[in-house]
Amino acid sequence: MKYLDEFQNPELARRLLDDIRATATRPWALMEVCGGQTHTIIRHGIDQLLPKEVELIHGPGCPVCVTPLAVIDKALDIAARPEVIFCSFGDMLRVPGTDRDLFRVRSEGGDVRVVYSPLDAVKIAQQNPHREVVFFGIGFETTAPPNAMAVHQARKLGLENFSMLVSHVRVPPAIEAIMTSPSCRVQGFLAAGHVCSVMGTAEYPALADRFGVPIVVTGFEPLDILEGIRRTVRQLERGEHTVDNAYPRAVRPEGNPAARAMLADVFEVADRAWRGIGTIPASGWRLAERYRDHDAEHRFSVEGIATREPAACRSGEVLQGLIKPNECQAFGTTCTPRNPLGATMVSSEGACAAYYLYRRLGVTPTPLEATPVV
């Protein structure tokens, strides 16, 4: 890939749309797994350009959004302690806990710092040997390797004052949970290309066979999305359900062996709670026993947490694809990016944030060919 605008070509987009229209003969419901794909779809109005037979359901693909409230509240408790330097990516600072967020903790005197890499937190631990440095490690398989590397490096350097609050989740078990839900309408998946660039595609054929759904690995630009939809609809119309890599410029079947080796060394698979969804078996990672000294949950005793989601927030239903964001009564009124009730309105990959940015007044999005590239 040399130029991004090659993947936003209006003429190619029209051809792909024409092909999808010609192929789809009956209703199909597809789920895009990644929040980055959701933002591309909403920004460019792709879902509105598709034929009426093809519906896109927004999945739980935002790592910030699925971080459970209990973990957010633990982070807030740890970050408020005077001996702690709490490090996080910036998108976590405004995610609401039960009664505050990390910005509020910082305004009340907590040493909360935004970092751009987990290795920045390792460096801070080196520079502050008499303080406890905690990094908030969240995300899907994409961000897990650098977080694993940070723990590995801290242990190699003998940094006893570095720990990580881990809330990593895995995509394949989430797909299984979605497909086994009684309310599931999903008939095909657009799989997240960046996740597969790390983990490869080996876990997906069994899911495609078990549930009879095509899974198409897809990128993030408009033409990537349209090509993924085209291939998924074509499989559905033919009665097929295979794994198809529509993102070969970034994804290989084996993924990234070095990253996978680092994950296998530092983490172990565990059950994980997802905000708005509940606990999904084997859907996350925790630090392996040999790295347990760097686990913030073990290092800091956090007790007596009573979580409470806002009654008006329906982000759990949004994350499960049961409703669209603008079907929530709080959307754009009592819940806005400045005053979010749920994480889906905060995160740069959240579905509610995408709808607010591009459809908050109910105006039809600008067609693809007129949408500025930023």
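User: In which sense do S5 and S6 pair, and over how many bridges?

Analyst: Strands of a sheet pair through backbone hydrogen bonds, either parallel or antiparallel. Here S5 and S6 pair in the parallel sense over seven bridges; two strands count as paired if DSSP finds at least two bridges between them. Strands (E, at least two residues) and helices (H or I, at least four) are DSSP runs, numbered from the N terminus. Within this pair, Phe136 has Leu165 in S6 as its bridge partner. The model is predicted, so local features need pLDDT of at least 70 and side-chain atom pairs count only at pLDDT 80 or more, while totals for chains, interfaces and linings use all residues. Residues are numbered from 1 along each chain as its sequence is written, and side-chain values use heavy atoms, with hydrogens and water left out.

User: What unit do S5, H8 and S6 make?

Analyst: The three elements make a right-handed β-α-β unit. Right-handed means that, with the strands pointing away from the viewer, the path from the first strand over the helix to the second runs clockwise.

User: How many residues of S6 are buried, and which residues lie on each side?

Analyst: In a regular strand the side chains alternate between the two faces of the sheet. In S6, eight of the eight residues are buried, so the strand is largely enclosed by the rest of the structure. Buried means under 20% relative accessible area, exposed over 50%, and partly exposed in between, with a 1.4 Å probe and protein chains only. Phe162, Met164, Val166 and His168 lie on one side, and Ser163, Leu165, Ser167 and Val169 on the other.

User: What is the strand order of the open sheet of six strands, and which strands stand at its edges?

Analyst: The order is S4-S3-S5-S6-S11-S10, with mixed pairing. Strand S4 (111-114) and strand S10 (267-274) stand at the edges, each with a single partner strand, so one side of each is left without a neighbour in the sheet. Neighbouring strands are turned by 25 degrees against each other on average, direction ignored; axes are lines fitted to C-alpha atoms, for helices over the stretch in contact, and angles run from 0 to 180 degrees between N-to-C directions. S6 and S11 pair in the antiparallel sense over two bridges, and His168 has Trp285 in S11 as its bridge partner. S10 and S11 (residues 278-287) also run antiparallel, joined by seven bridges. In this pairing, Ala270 stands opposite Gly284.

User: Which strands does helix H8 touch?

Analyst: Helix H8 (residues 144-157) packs on the sheet and touches S5, S6, S10 and S11, where contact means heavy atoms within 4.5 Å. The direction of H8 makes about 155 degrees with that of S6.

User: At what angle do helices H1 and H12 pack, and how far apart are their axes?

Analyst: Two packed helices are described by the angle between their axes and the distance between the axes. H1 (residues 10-23) and H12 (residues 222-238) pack at about 15 degrees, with their axes 10 Å apart. That makes H1 roughly parallel to H12; angles under 35 degrees count as roughly parallel, over 145 as roughly antiparallel, 65 to 115 as roughly perpendicular and the rest as oblique. Residues that meet across this pair include Leu16 and Ile20 in H1, and Leu226 and Val233 in H12.
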